[in-house]
Structures are given as structure tokens and as C-alpha cells.
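Let's walk through this structure together, one question at a time. Have the sequence and the model at hand as you read.

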Amino acid sequence: STLRRRGVLSDEFLTTIAREYLARGRGYAASLAEEYFVTPRTVVSWVEKARVRGLLTAPPARGATGGRL
């Protein structure tokens, strides 16, 4: 199962978020925030954490969406 405990984000959870981010493109934060009952800023931070952990590559250009798992 996908683990998301307060303060602990598993690689599995962040990979799921990264996949959804890539699939949805622009507007991903708002739609994922609604699904997970968090703020869009929280979703953005999850994507950033996925990048830091090397689960998602950097976007093609600053301010752009995208990357690869």
C-alpha cells in the first residue's frame, strides 16, 4: 500500500505522486490537492521531494512542468 504518515513520505508514495504529476501536467497541484485533502503547496512540495530523492528528473526548463521517473 502507499504510505503517507505525518512527516514520513515513502519513496512509493512520492513515485505515485510523480507519476500523477507527469500524467496531469499543468494544474496537477490543484487536482491532486483535492484528492489527497491537502493544499496545492503541499503537493508541489511532494514533487520537489521526489526530485530531491532522484525519483523524478528536473523539468526541461525553469518554470516548466515535466521530467522523467
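Q: In what order do the elements of the chain run from the N terminus on?
A: This is a predicted model, and its chain holds three helices and two strands. Reading from the N terminus, the order of the elements is β-β-α-α-α.

Q: What percentage of the residues of the chain count as buried?
A: A residue counts as buried when its relative accessible area is under 20%. The chain has 69 residues, and the buried share of them is 30%.

Q: Are H1 and H2 parallel, perpendicular or oblique to each other?
A: Helix H1 covers residues 11-24, and its axis comes within 9 Å of the axis of H2. The two axes cross at roughly 135°, and the crossing is right-handed. Roughly perpendicular ends at 115 degrees and roughly antiparallel needs over 145, so H1 and H2 are oblique.

Q: Which residues of H2 does H1 meet, and how many residues of the contact are charged?
A: From H1, the contact uses Phe13, Thr16, Ile17, Glu20, Tyr21 and Arg24. On the side of H2 they meet Tyr28, Ser31, Leu32, Glu35 and Tyr36. By class, six residues of this contact are nonpolar and two are polar, while the number of charged ones is three.

Q: How are H2 and H3 oriented to each other?
A: Two packed helices are described by the angle between their axes and the distance between the axes. For H2 (residues 28-36) and H3 (residues 40-52), the axes are 8 Å apart and the angle is about 105°. Angles of 65 to 115 degrees count as roughly perpendicular, and H2 and H3 are therefore roughly perpendicular.

Q: Which class of residue makes the contact of H2 with H3?
A: H2 brings Tyr28, Ala29, Ala30, Leu32, Ala33 and Tyr36, and H3 brings Pro40, Val43, Val44, Trp46 and Val47. No polar and no charged residues are counted in this contact. Its eleven residues are nonpolar.

Q: Is Phe37 buried or exposed?
A: Phe37 is found in the loop between H2 and H3, and its phi is near 55°, a positive value in a residue other than glycine. Most residues other than glycine have a negative phi. The relative accessibility of Phe37 is 76%, and over 50% counts as exposed, so Phe37 is exposed.

Q: Leaving aside neighbours within four places in sequence, which residues is Val47 in contact with?
A: Val47 lies in helix H3 and is buried because its relative accessibility is 3%. Ile17 is 30 residues away along the chain, yet the C-alpha atoms of Val47 and Ile17 are separated by 6.8 Å. With its neighbours within four places left aside, Val47 is in contact with Ile17, Tyr21, Tyr28 and Leu56.

Q: How far apart in space are Leu9 and Lys49, C-alpha to C-alpha?
A: Leu9 has its place in strand S2, residues 8-9. With a relative accessible area of 14%, Leu9 is buried. In sequence, Leu9 and Lys49 are 40 residues apart, and in space their C-alpha separation is 8.9 Å.

Methods:
Residues numbered from 1 in each chain as written. Predicted model: local features only at pLDDT ≥ 70, side-chain atom pairs only at ≥ 80, totals over all residues. Heavy atoms only, no water. Axes fitted to C-alpha atoms, helices over the stretch in contact; angles between N-to-C directions. Helix = DSSP H or I, 4+ residues; strand = E, 2+ residues; numbered from the N terminus. Parallel < 35°, antiparallel > 145°, perpendicular 65-115°, else oblique. Contact = heavy atoms within 4.5 Å. Nonpolar A, V, L, I, M, F, W, Y, C, P; charged D, E, K, R; others polar. Left-handed = near helix turned anticlockwise from the far one by under 90°. Buried < 20%, exposed > 50% of the residue type's maximum accessible area, 1.4 Å probe, protein only.
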